Amino acid sequence: MHAARVTAILPAKDAAPYIGTTLETLLRQFDDRSALKLVAIDDGSSDGTGDIMREYAERFAHVEVLVNPRARGLATARNQGLAHVDGDAFCFIDGDDWMQPHRLQVLTERLGQLECDFLRTDHVRVSDQDRRLIRAPHPWRGIPTAPRDAILPADDKTMVDYPFAWAGIFHRRVIDEGLAAFPDGLFTAEDRPWIWRLHLQARRFAVVDAPALLYRRGVTTSLTQARDRRQLDFTAAMSQALDLVQQDAEAERFFPKVVQTVLALSSHHIVRSRQMDGGLRREMRDGIRLLLARLPSDEAGRALQRLDGPRRRVLARSLRKAGRTT
């Protein structure tokens with residue numbers, strides 16, 4: 001049996017209706033199945049997710065199945081997986097998504113050819129019967145560049161607005177250099193500070209074409225659908241992103257972008273909070289005001305003018321209470 005070339009980290013909670021498809025497609029990534037190691041993490045599931053993981057484990061040449069008796073959250077589960085990576089490359093996949101055949105074989109080969117720390121790809125968003133290609137917001141394909149050069153401009157979507165951990169592949173030196181881990185304990189928005197750290201501190205990346213990853217949207221168990229306390233993690237995540245930029249040698253260059261992102265996401269979460277119960281809604285809005293209070297008034301004012309009218313109106317009250325201009 002050959003050693004694994006790439007490790008796929010698969011955390012899942014209550015994904016029994018979908019995870020069989022995910023696992024089946026992982027079996028079709030290499031002509032030689034021993035090239036792939038699977039690290040599956042059952043994060044406190046109350047359905048048959050863990051049983052399906054164990055059934056499929058017999059079909060993988062290299063596999064570990066980890067079990068959390070109680071859910072520890074996506075960030076922590078992914079970090080558990082990072083501790084079990086074998087080979088020179090690794091990737092993430094969620095329990096309700098799937099890959100076209102040979103995606104990982106193509107990405108592993110391209111990672112070596114381009115000598116990058118990580119590669120990013122487009123993905124296909126699946127909503128019921130609708131499938132839509134979502135392109136990574138980067139103008140060049142197959143051309144290695146410094147990741148920090150893909151952060152700007154502030155007023156347009158860039159690679160830090162494309163934080164999906166599963167949309168790519170990573171060389172294991174990203175682990176060795178302390179860039180792969182997610183903020184432990186966060187249940188949502190864990191990928192926001194993670195993507196900023198990657199783009200500020202890694203040396204070389206590229207966006208490449210590859211067989212697709214298909215991402216299910218609108219799954220009822222997905223955290224993107226939740227309206228509970230886990231959504232409050234957004235403010236802690238973006239506060240960490242602000243810290244990363246402030247500590248960077250080019251903080252002045254990148255601060256307009258992170259401020260713009262904080263405002264845009266704050267507007268989104270203020271609107272979403274209308275569907276929460278009263279106490280949770282107040283907690284969310286209080287947290288957003290504390291986050292906004294960290295922004296320099298002049299930078300917040302400029303970023304606000306770059307937003308459309310509806311988002312400016314949503315933010316107006318929170319900015320005033322945070323002592324920032326509107």
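Biologist: Before we start, which runs count as helices and strands here?
Modeller: Helices are DSSP runs of H or I with at least four residues, and strands are DSSP runs of E with at least two, numbered from the N terminus. Also keep in mind that this is a predicted model.

Biologist: Thanks! Where does Arg172 lie?
Modeller: Arg172 sits in the loop that links β9 (168–171) to α5 (173–176).

Biologist: And why does Arg172 count as partly exposed?
Modeller: Its relative accessibility is 24%. Buried means under 20% and exposed means over 50%, so a value in between is called partly exposed.

Biologist: Which residues is Arg172 in contact with, leaving aside neighbours within four places in sequence?
Modeller: Those are Val85, Asp86, Gly87, Asp88, Ala89 and Phe90.

Biologist: How many Å separate the C-alpha atoms of Arg172 and Thr108?
Modeller: They are 12 Å apart, while the two residues are 64 residues apart along the chain.

Biologist: Let's switch to helices. Why does the span of α7 agree with what it should be?
Modeller: Helix α7 has 14 residues, 233–246, and at 1.5 Å a residue it should span 20 Å; the C-alpha atoms at its ends are 20 Å apart, so the two agree.

Biologist: Which residues of α7 are buried?
Modeller: Asp233, Phe234, Thr235, Ala237, Met238, Ala241, Leu242, Leu244 and Val245 are buried. These buried residues pack against α6 (191–201), α8 (251–272) and α9 (278–292).

Biologist: OK, sheets now. What is the order of strands in the open sheet of four?
Modeller: The order is β5-β11-β7-β8, and the pairing is mixed. β5 (98–99) and β8 (130–134) are the edge strands, each pairing on one side only.

Biologist: How many bridges join β7 to β11, and do they run parallel or antiparallel?
Modeller: Three bridges join β7 (residues 123–127) to β11 (residues 213–216), and the two strands run parallel. Val126 stands opposite Arg216 in β11.

Biologist: Last topic: what lines the second largest pocket?
Modeller: Its lining includes Ile270, Arg274, Asp286, Val314, Ser318 and Lys321. The lining residues divide into eight charged, two nonpolar and one polar. The pocket holds about 180 Å³ of space.

Biologist: Which helix gives the most to that lining?
Modeller: That is α11, with five residues. Both α9 and α11 (309–321) supply at least two residues each.

Biologist: And how many cavities of 30 Å³ or more does the structure hold?
Modeller: One. The largest cavity has a volume of about 30 Å³, and its lining includes Leu26, Phe30 and Phe60. That lining divides into five nonpolar, one polar and two charged residues.

Definitions and conventions. Residues numbered from 1 in each chain as written. Predicted model: local features only at pLDDT ≥ 70, side-chain atom pairs only at ≥ 80, totals over all residues. Heavy atoms only, no water. Buried < 20%, exposed > 50% of the residue type's maximum accessible area, 1.4 Å probe, protein only. Contact = heavy atoms within 4.5 Å. 1 Å grid on protein atoms, 1.4 Å probe; cavity = no way out; pocket = protein on both sides within 12 Å on 5 of 7 lines; lining within 4 Å. Points joined across faces, edges and corners; volume = space filled by probe spheres on them. Nonpolar A, V, L, I, M, F, W, Y, C, P; charged D, E, K, R; others polar. Expected span 1.5 Å × (residues − 1). Pairing = 2+ DSSP bridges.
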